[in-house]
Protein chains: 2
Amino acid sequence: MKKYRLAFIGMGPGGADWITPAAWQQIAAADYIYASARLQDTVEDALPAFSGFFSLGTKERTWRIFNGRLTTLVEPILDDLERGNVVVLCTGDTGIFSIASWLNRVISERLPQQPIDWLPGISSLQYLSAKLKRSWQNLRIISLHGREPEDLDEVFRSKEPLGIFTDPHHSPHWLATQLIEAGRGEAQMSCGYSLTYPEEEIVTGSVRSFLTSPEEETRLCLVIVSEKTSVEEQTPSPWEKGFAGGMPDHAFQRGNRPMTKSVIRSRLASLL
Amino acid sequence: MKKYRLAFIGMGPGGADWITPAAWQQIAAADYIYASARLQDTVEDALPAFSGFFSLGTKERTWRIFNGRLTTLVEPILDDLERGNVVVLCTGDTGIFSIASWLNRVISERLPQQPIDWLPGISSLQYLSAKLKRSWQNLRIISLHGREPEDLDEVFRSKEPLGIFTDPHHSPHWLATQLIEAGRGEAQMSCGYSLTYPEEEIVTGSVRSFLTSPEEETRLCLVIVSEKTSVEEQTPSPWEKGFAGGMPDHAFQRGNRPMTKSVIRSRLASLL
């Protein structure tokens, strides 16, 4: 009996340049592609160029667009596996708060002999860390996407550096409120919005400075928080040395309370 | 004054299929490429195909092969930046125990105005996690590459799941010895050797079972350790359900002491 394959593919933060050749190959060879509308756009825009590279000709592909509840995916995936190879496009990496874990468990319970592959992708955590020129191996990584971990208060009160996946309600503004309450108002916070997309924006300032950001944040957003000293020890950012052009951020500091020029800049720009 | 760019590029575990298009573009556009001999081979073997894709023509590139001490790289990089764009190829991801951190600090001290980019890559930690169909966000990540963290005893005694970058001396055998001493002999341990290369091997068994592995391990190796229950809860592996063909590993278990069939298999194969 012929067995078709199922693959969960880590697609990186969004931009086509961050999708690995291994992922492109699997996508191009798939019969059924499960994806969000956002990832479908990314792939369809870029696939022609990559198809030429992988010499894949004019294979027909069926898109299955999903948005929201994972439970609705299970039966269609099982059906499609009767007739062809299935890939499920996952945001970021398959190993970090990914839909791959839940779907893998449910589908392998239903179809124990089904071969399943996971393909790793670049996590937005890695991308934002690279933009900030810092390492992430010491970050405590948490997700507030649609839920709050039980030990969240303890996490906020600890002085651990944090990598935080947010959602519209758990916005940078909400985070700032919680962290100030936990006594970390002067820690350094970097927010990456719409990472790898043309409208990408990265804002760094004190936790306190994000009180001026919107209460709800509908853009995809990732946050890194660390006590200021540890970031400085690790890698001084160019703007901390005052050579990024214009007045350096530290020229705006009063004692321990920076006025977070970069945040003000971005707020002003958004009003133009 | 014309400024050339310096980029640190995360190259993934090794195989060309795991190098992002963004990385290929930067490599192909570089004038000077700093790399280990191993990464030079990877790139030179694959670049012709990717060059066609990126339409880069016949640009001349100078390779600077390094092996060992980072301090010897600083002066040559500063020299080369006078004449062209420089990239430094880094194993894995730039954000996890990478040479990018140290080099970035030293070079930005010497040349404060130098533009520097970091490009994230797939870490072997992500690749091995994907192969094991598990998430890694809860792993405590440590590196034993050429050094031991100060709190290593405490780390081993805790029941935290671990992701461990090894070196020839800190081999799976050495780790097993330490972990048994810390009371974790029955935890589950997975070792990935030469990941993404044709000779890739992944072995899973109890910590105790790795006492039969060589005391020194010269292959590139990454280890994931977790208490057995937590792995099972997360994602039951196909062979734990006994449908991988042949006799399932659990058929070899006696009480709490598995005989680690997969390890025995791999040892036997290595003797053929």
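**Sheets and chain contact**

User: What is the bridge partner of Leu6(A) in E5(A)?
Analyst: In this strand the partner of Leu6(A) is Ile116(A). This is a predicted model, in which local features need pLDDT of at least 70 and side-chain atom pairs count only at pLDDT 80 or more, while totals for chains, interfaces and linings use all residues. Residues are numbered from 1 along each chain as its sequence is written, chains are lettered from A and ligands numbered from 1 in the order in which they are written, and side-chain values use heavy atoms, with hydrogens and water left out.

User: And how many bridges do E1 and E5(A) pair over?
Analyst: Strand E1 (residues 6–10) of chain A pairs with E5(A) in the parallel sense over four bridges. Strands (E, at least two residues) and helices (H or I, at least four) are DSSP runs numbered from the N terminus, and two strands pair if DSSP finds at least two bridges between them.

User: What order do the strands of that sheet take?
Analyst: The order in this open sheet of five strands is E3-E2-E4-E1-E5 (chain A), with parallel pairing. Strand E3 (62–65) and E5 of chain A are the edge strands, each pairing on one side only. On average, neighbouring strands here are turned by 20° against each other, direction ignored, the axes being lines fitted to C-alpha atoms (for helices over the stretch in contact), with angles from 0 to 180 degrees between N-to-C directions.

User: Which order does the sheet with mixed pairing have?
Analyst: That open sheet of five strands runs E6-E7-E10-E8-E9 (chain A). Strand E6 (140–143) and strand E9 (201–206) of chain A each have a single partner strand, so one side of each is left without a neighbour in the sheet. Within it, strand E7 (residues 162–165) and strand E10 (residues 221–226) of chain A pair in the antiparallel sense over four bridges, and Gly163(A) stands opposite Ile224(A) in E10(A).

User: Switching topic, how many residues does each chain put into the contact?
Analyst: Chain A and chain B contribute 46 residues each, where contact means heavy atoms within 4.5 Å. Between them the chains bury about 4,000 Å², 64% of it on carbon and sulfur atoms; buried area is the accessible area (1.4 Å probe) that two parts lose on being put together, summed over both.

User: How many salt bridges are there between chain A and chain B?
Analyst: The count there is zero, a salt bridge being a side-chain nitrogen of Lys or Arg within 4 Å of a carboxyl oxygen of Asp or Glu.

User: Which helix gives the most to the side of chain A that touches chain B?
Analyst: H4(A) does, with five residues.
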